[in-house]
Amino acid sequence: MASPAPTFRELYPLVEPFDTFQMAVDEPHVLYVEQSGNPEGKPILVVHGGPGGGCPPFYRQYFDPSKYRVIMFDQRGAGQSTPASCLIKNTTWDLVADIELIRERLKIDKWVVFGGSWGSTLSLAYAQTHTDRVKALVLRGIFTLRRSELEFFYQGRGANHIWPDAWEKYIEVIPEVERADIMSAYHRRLTGDDEEEKLKCAKAWSTWEMATCKLEQSKEALEKGDEADFALKFARIECHYFVNGGFFTHDGQLLDNAAKLNGKFPITIVQGRYDCVCPATTAWELQKQLPDAEFYMELAGHSASEPAIRSRLLDATDKYASL
């Protein structure tokens with residue numbers, strides 16, 4: 001007798017923000033910040049991916065709006081923050097400082113921090129720096145920006161063997177003579193003066209990730225990767241961080257320092273078994289440093305919207321609403 005099909009949860013209804021504002025940080029950056037849900041609810045910070053991805057409205061739907069005060073912000077240069085795709089004063093540690101400024105402005109003592117992909121990177125960096133300000137961590141699609149992780153996806157060390165058709169489109173904009181270091185070749189073009197070449201490469205870079213982020217390709221994701229405004233922010237900021245090693249002191253810094261968080265507060269880690277963007281080995285290594293964490297390896301790719309991952313994230317946020 002066949003096993004019953006798994007039942008997956010649906011997102012909460014979309015709600016509109018009850019508060020939005022622009023917050024000036026280091027010149028020239030001005031961040032877009034919003035709050036939704038219950039103004040008297042438990043605070044939770046949403047840390048978006050990329051870097052450069054911005055916070056789409058549906059991210060609000062991972063949280064019970066009757067229980068949570070949901071804070072979302074677009075990181076420097078991303079989404080509705082300005083200047084768009086600006087790389088000046090744009091490092092991991094600038095973003096960690098921005099999160100603290102938001103917390104202080106909103107008069108929040110502690111909050112739950114929720115982040116996936118690059119959002120898991122920044123969430124870990126923030127939690128390791130400001131451990132006493134975190135009530136819980138919900139992490140998805142773990143990425144610690146080690147060189148091996150970057151090469152798996154961007155340098156033909158893994159993901160290209162699973163998505164060879166999408167890979168060909170990603171590398172065709174880079175001359176063969178420069179493909180020994182594809183990220184650096186992209187970086188030269190994404191920060192150069194040739195606007196036509198910059199946009200072409202931004203679209204190719206962004207479409208590669210959009211093509212590979214789910215078990216099955218999504219037409220909507222592919223179309224997003226081809227949008228000029230999104231692609232320029234996403235590709236320029238990602239590439240800027242990646243060629244600079246995430247601005248960490250050494251490769252593997254976040255994993256090396258992860259054990260200091262064990263037992264400090266509840267942690268949930270949700271990973272797609274077949275994640276081609278952020279391969280599961282990093283999540284596996286992280287949970288070994290955090291043996292007290294809840295760890296779920298699901299039949300899914302990378303995206304937070306994949307049914308099994310979505311359900312686990314909703315379960316985690318429901319659980320932590322009582323903190």
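**Note on helix and aromatic packing**

1. Thr92 sits in helix α1 (residues 92-105); helices (H or I, at least four residues) and strands (E, at least two) are DSSP runs numbered from the N terminus. The model is predicted: local features need pLDDT of at least 70, side-chain atom pairs count only at pLDDT 80 or more, and totals for chains, interfaces and linings use all residues. Residues are numbered from 1 along each chain as its sequence is written, and side-chain values use heavy atoms, with hydrogens and water left out.

2. Thr92 has 0% relative accessibility and counts as buried (under 20% relative accessible area; exposed is over 50%, partly exposed in between; 1.4 Å probe, protein chains only). Its side chain reaches the backbone oxygen of Gly246 at 2.7 Å. Leaving aside residues up to four places away in sequence, Thr92 touches Trp118, Leu122, Ala125, Tyr241, Gly246, Phe247 and Phe248 (contact: heavy atoms within 4.5 Å).

3. There are 24 aromatic pairs, where rings of Phe, Tyr and Trp (its six-membered ring) pair if their centres lie within 6.5 Å, and planes under 30 degrees apart count as stacked, over 60 as edge-to-face and the rest as tilted. The Tyr62 and Phe114 pair is tilted, because the ring centres are 6.0 Å apart and the planes are at 40 degrees. Tyr62 belongs to the loop between β3 (42-47) and β4 (68-73) and Phe114 to strand β5 (residues 111-116), so this pair ties together parts 52 residues apart in sequence. Tyr62 is buried at 1% relative accessibility, and Phe114 is buried at 9%.

4. Trp118 and Tyr241, both named above as touching Thr92, form an edge-to-face pair, 5.1 Å centre to centre with 65 degrees between the planes. Since Trp118 lies in helix α2 (residues 118-129) and Tyr241 in helix α9, the pair ties together parts that are 123 residues apart in sequence. Trp118 is buried, at 0% relative accessible area, and Tyr241 is buried, also with 0%.

5. Which residues of helix α6 (residues 182-190) are buried? They are Ile182, Met183, Ala185, Tyr186, Arg189 and Leu190. These residues cover an arc of only 160 degrees around the axis, which puts them on the same side of α6; the arc is that of the directions from the helix axis to the C-beta atoms. The buried residues of α6 pack against α3 (147-154), α5 (164-171), α7 (195-212) and α9 (228-243).

6. Tyr186 also belongs to one aromatic cluster, together with Phe143, Phe153, Tyr154, Trp167, Tyr170, Trp205, Trp208 and Phe242.

Definitions and conventions:
A polar contact is a pair of N or O atoms within 3.5 Å; within protein, one must be able to donate a hydrogen and the other to accept it, and residues adjacent in sequence count only if both atoms are side-chain atoms.
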